[in-house]
Amino acid sequence: MNRIDPCVKSDSSELLSLDQALEQIFASVKPVTGKQTLNLKDCLDRIIAEDIESGVNIPPHRNSSMDGYAFNTRDIVTSGLSNLTVAGTSWAGKPYSKSLSPGQCVRIFTGAAVPENADTVIMQEDIKRFDDSIEIPFGSVKAGENLRFPGDDVAKGQKVVSSGKRLRAEDLGVLASIGQLTVPVTRKLRVAFFSTGDELRTLGRHLEYGEIYDSNRYTLYGLLESLGVDALDMGAIPDNLEEIKTVLTEAAGVSDVIISTGGASVGEADFLFQALKAIGKIKFWKIAIKPGKPLLFGNINGQSYFGLPGNPVSVAVTFHKVVSPALKLMMGDKYQSPLTIKARCGSILTKAMGRQEFQRGLLEREENGELIVNPFRSQGSHVLSSMSQSNCYIVLPEESTGVRKGEYVDVELFATF
Ligand code: AMP
Ligand code: MG
């Protein structure tokens, strides 16, 4: 065996497992340290850089959860009808600010402050209204009903969002509810990417015999954008060692992470391994997954480098399974392994032992409520439509030698990534 580096394994019996590869990557990458403060509206999908505590109670005041009438239960008689005078109205935003005198109630709406000496709100459906009074039937009052208390949602001093969380729409809402105008977030990760291959043409150009359009850069662009990084497209580079070394060096000068596609295998036109060896450091090459085996990882001038295979499905799979967890960690995001669902397999699956496979499938719920996953008709790593028309990976462990129809398999939804 021709060993290139202590941790570079080229014999297929010694490939790194996905978990081993991730372990090496996690040990090698570090979260970016820069922070910036943004207006709350610009923080969607950004990683919050500090814990945020509330300076206020939410709700800030005792208020009604119903449209109805607020009163004090001491004014309710123990049998028959209770009559209360309507002293005024408490609107949401325009509270009734006086105290209730004995025998009085106020008309009140959802969210409106409940007058201090009222202890209950009755729903408008439960009373009879006259011009300036209401009649409450005996037995329809439950003391303390329909009130919302200060701090029910968030108490003053409580942590509302923890550092490292990717902010979702609801988090923006929570931060707005405590009056947070600006938010500290980690700076965006800069990721430079390019494709390699003499056969690649950019869109808008006519294809000559033997050429194809460069789809990988579009897949990568979308994957990177949806992660929320600053994606820098460095174009399509020919299969030429010197040109590849040049673009790698340039990319390392302007980014935190470099990603290439193609040329990562062992053919005569595959130069990424040689290029990385010449100008950077190789950490590992090739992992025991399918598709996506010829994955190259290392660094160039301290910046992490991922050399993805050229086959379009391999690009997506290696991005989801390897690159994305690494980028998330660097962004200060918390890494969570994808949720696995068990589903019955709709047809037979063939597989050779040795590598973990990520076959593409469509997960659906049958009429009887059972989850069933149907593998895409072709599992070739060149069949990009298998990614586009499926909604999940069918994950088959290294030791699996195939699946019978109806057998349970592990499924990971693309939407998880
Ligand atoms: P390679 O890893 O360079 O040997 O490429 C493997 C396969 O992926 C070949 O069929 C290439 O033509 C194809 N391929 C490589 N790069 C791209 C790309 N950017 N877009 C679409 N297909 C590609
Ligand atoms: Mg190539």
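Modeller: Leaving aside its neighbours within four places in sequence, Val-254 is in contact with Arg-190 and Leu-232 (contact means heavy atoms within 4.5 Å). Bear in mind that this is a predicted model, in which local features need pLDDT of at least 70 and side-chain atom pairs pLDDT 80 or more, while totals for chains, interfaces and linings use all residues. Residues are numbered from 1 along each chain as its sequence is written, chains are lettered from A and ligands numbered from 1 in the order written, and side-chain values use heavy atoms, without hydrogens or water.

Val-254 has its place in helix α4; helices (H or I, at least four residues) and strands (E, at least two) are DSSP runs numbered from the N terminus. With a relative accessible area of 42%, Val-254 is partly exposed (that is, between buried, under 20%, and exposed, over 50%, with a 1.4 Å probe and protein chains only). Ala-278 lies 24 residues from Val-254 along the chain, and their C-alpha atoms are separated by 19 Å.

Next comes the helix itself. Helix α4 (residues 241–254) packs against helix α5 (residues 272–279) at an angle of about 55°, with the axes 9 Å apart (axes are lines fitted to C-alpha atoms, for helices over the stretch in contact, and angles run from 0 to 180 degrees between N-to-C directions). That makes α4 oblique to α5, as angles under 35 degrees count as roughly parallel, over 145 as roughly antiparallel, 65 to 115 as roughly perpendicular and the rest as oblique. On the α4 side the contact is made by Leu-241, Ile-244, Lys-245, Leu-248 and Thr-249, and on the α5 side by Leu-272, Gln-274, Ala-275, Ala-278 and Ile-279.

Now for the sheet. Six strands form an open sheet with mixed pairing, in the order β16-β13-β17-β21-β20-β18. Because β16 (230–237) and β18 (281–285) stand at the edges with a single partner strand each, one side of each has no neighbour in the sheet. From one strand to the next, the twist averages 20°. Strands β13 (residues 190–196) and β17 (residues 257–261) pair in the parallel sense over 5 bridges (DSSP must find at least two for a pair). Opposite Phe-193 stands Ile-259 in β17.

Two helices pack on this sheet. Helix α1 (residues 18–28) touches β18, β20 (296–300) and β21 (303–308), and its direction makes about 155° with that of β18. Helix α6 (residues 312–331) touches β13, β17 and β21, and its direction makes about 170° with that of β21.

These two helices also pack on each other: the axes of α1 and α6 come within 10 Å and cross at roughly 30°. The pair α1 and α6 is therefore roughly parallel. Their contact is made by Leu-18, Leu-22, Ile-25 and Phe-26 of α1, with Lys-321, Val-322, Pro-325, Ala-326 and Leu-329 of α6.

Helix α6 has a further partner in helix α3 (residues 216–227), packed at about 30° with the axes 11 Å apart. That makes α3 roughly parallel to α6 as well. Here Asn-216, Leu-220, Leu-223, Leu-224 and Leu-227 in α3 meet a set of α6 residues, among them Pro-312, Phe-319, His-320 and Met-331.
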